[in-house]
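Dear colleague,

Please find below the structure that I am handing over to you. My findings follow directly after it.

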Amino acid sequence: MTVHPSLQNYADAWTHAVESIAELVQPLPQGEWNRATPCPGWSVRDIVSHVIGMECEMLGDPRPIHSLPRDLYHVQSDFARYMEMQVDVRRHHTSPEMTAELEYTMIRRARQLRNENRDPGTLVRAPLGAEQTLELAYRMRAFDTWVHEQDLRTALGKPGNLDSPGAYVARDCLLEALPKVVAKDAGAPPHSAVVFDVSGPVEFLRTVRVDAEGRGSVDGSPSLGPLVTFTTDWETFYRLACGRVRPAAVADRVKVDGDAETAEAILRSFAVTP
């Protein structure tokens, strides 16, 4: 147990997801590491490299000194460039090198979690030289690791863990982003409501309400007269919200009722991960 219970849920979710990743990749032959994943521009090796790299940063390891190639089409921002560094530096590593480094990093991180005695509000390193609270860092590692576990499962044809502890952390993170998607990015009008009715392993109904000033909020009570209602399944919801699939590709899995123009604007803005 960590000292602060507020961190334990995230630590457990991260542990479950990262151990699942290790199980998925341990037996892979060399050729499978180059298989493309739903994460734009990243292979199986790249996903594992990213996970290793981010955990090394949680451990306080120095970042690699490395020059990125200029022809990486998926690297379009400073944030993407930051993330790509830990990935590109491992692009020529063999499968034994990858699995050994992953295992070693997991052992070091598990030890760090066992000995964690910092307050959840302690400021720690975040990407691009920023700072974040320890609690947010734990939360984002659980979220990120679960999403990348799902990337690997999709790429390798081994579905599973759609209702694991990390899935519920991902649900909460993605729901927090919905008010901005609906109110700001899609410009839903004041005094309107948009309902998301999601079924499957992780099931929920949430309403995003836009107030008189155009600010959005989300709650669990139904709306009597929503402007738009989206009905879909959990897998489709998270894949859309994480930018793993375009709305047109899953149109048959998303039922839309209500104002078509607003619905289209929301779907255009639905991907919330960088």
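A salt bridge is taken here as a side-chain nitrogen of Lys or Arg within 4 Å of a carboxyl oxygen of Asp or Glu. Please note that the model is a predicted one.

**Salt bridges**

By that criterion, the side chains of Asp 257 and Lys 255 form a salt bridge, with an N to O distance of 2.8 Å. Asp 257 is partly exposed, at a relative accessible area of 35%, and Lys 255 is likewise partly exposed, at 48%.

A search of the whole structure returns 23 salt bridges. One of them joins the side chains of Arg 81 and Asp 78, at 2.7 Å from N to O. These two residues lie three apart in helix α3 (residues 78-88), so about one helical turn separates Arg 81 from Asp 78. Arg 81 is partly exposed, with a relative accessible area of 38%, whereas Asp 78 is exposed, with 53%.

A further pair is found in helix α8 (residues 260-268), where Glu 264 and Arg 268 are four residues apart and therefore separated by about one helical turn. In the salt bridge between Glu 264 and Arg 268, the closest N and O atoms are 3.4 Å apart. Glu 264 counts as partly exposed, at 49% relative accessibility, and Arg 268 is exposed, with a relative accessible area of 61%.

Salt bridges also link Asp 46, Glu 84, Asp 88 and Arg 91 in a network.

**Nonpolar core**

The largest nonpolar core comprises 74 residues, and those with the most contacts inside it are Phe 196, Trp 234 and Phe 237. Helix α1 gives the most to this core, namely eleven residues. Leaving aside residues up to four places away in sequence, Trp 234 touches a set of residues that includes Trp 146, Leu 162, Arg 171, Leu 174, Pro 201 and Phe 204.

Val 18 has its place in helix α1 (residues 5-25). Is Val 18 buried or exposed? With a relative accessible area of 2%, which is under the 20% limit, Val 18 is buried. Residues up to four places away in sequence not being counted, Val 18 touches Val 51, Met 106 and Thr 145. Val 18 and Thr 145 are 127 residues apart along the chain, yet their C-alpha atoms are separated by 6.4 Å.

**Cavities**

How many cavities of 30 Å³ or more are there? The count comes to three. The largest cavity has a volume of about 50 Å³. Its lining consists of Phe 196, Phe 230, Thr 232, Phe 237, Leu 240, Val 254, Leu 267 and Phe 270. The elements that give two or more residues to this lining are β6 (228-233) and α7 (234-241). By class, the lining of the largest cavity has seven nonpolar residues, one polar residue and no charged residues. Phe 196 and Phe 237, named above for their contacts in the core, are among the residues of this lining.

The second largest cavity holds about 40 Å³ of space. Tyr 10, Ala 11, Trp 14, Arg 109, Leu 113, Tyr 138 and Arg 141 line the second largest cavity. Two or more residues of that lining come from each of α1, α4 (95-114) and α5 (134-156), and α1 gives the most, with three. The lining of the second largest cavity divides into five nonpolar, no polar and two charged residues.

Yours sincerely

How values were computed. Residues are numbered from 1 along each chain as its sequence is written. This is a predicted model: local features need pLDDT of at least 70, side-chain atom pairs count only at pLDDT 80 or more; totals for chains, interfaces and linings use all residues. Side-chain values use heavy atoms; hydrogens and water are left out. Buried means under 20% relative accessible area, exposed over 50%, partly exposed in between (1.4 Å probe, protein chains only). Contact means heavy atoms within 4.5 Å. A nonpolar core is a set of buried Ala, Val, Leu, Ile, Met, Phe, Trp, Tyr and Cys residues joined through side-chain atoms within 4.5 Å. On a 1 Å grid over the protein atoms alone, a cavity is a set of points where a 1.4 Å probe fits but cannot get out, and a pocket is an open set with protein on both sides within 12 Å along at least five of seven lines; lining residues have an atom within 4 Å of a point. Grid points are joined across faces, edges and corners, and a volume is the space filled by probe spheres set on the points. Ala, Val, Leu, Ile, Met, Phe, Trp, Tyr, Cys and Pro count as nonpolar, Asp, Glu, Lys and Arg as charged, and the others, Gly among them, as polar.
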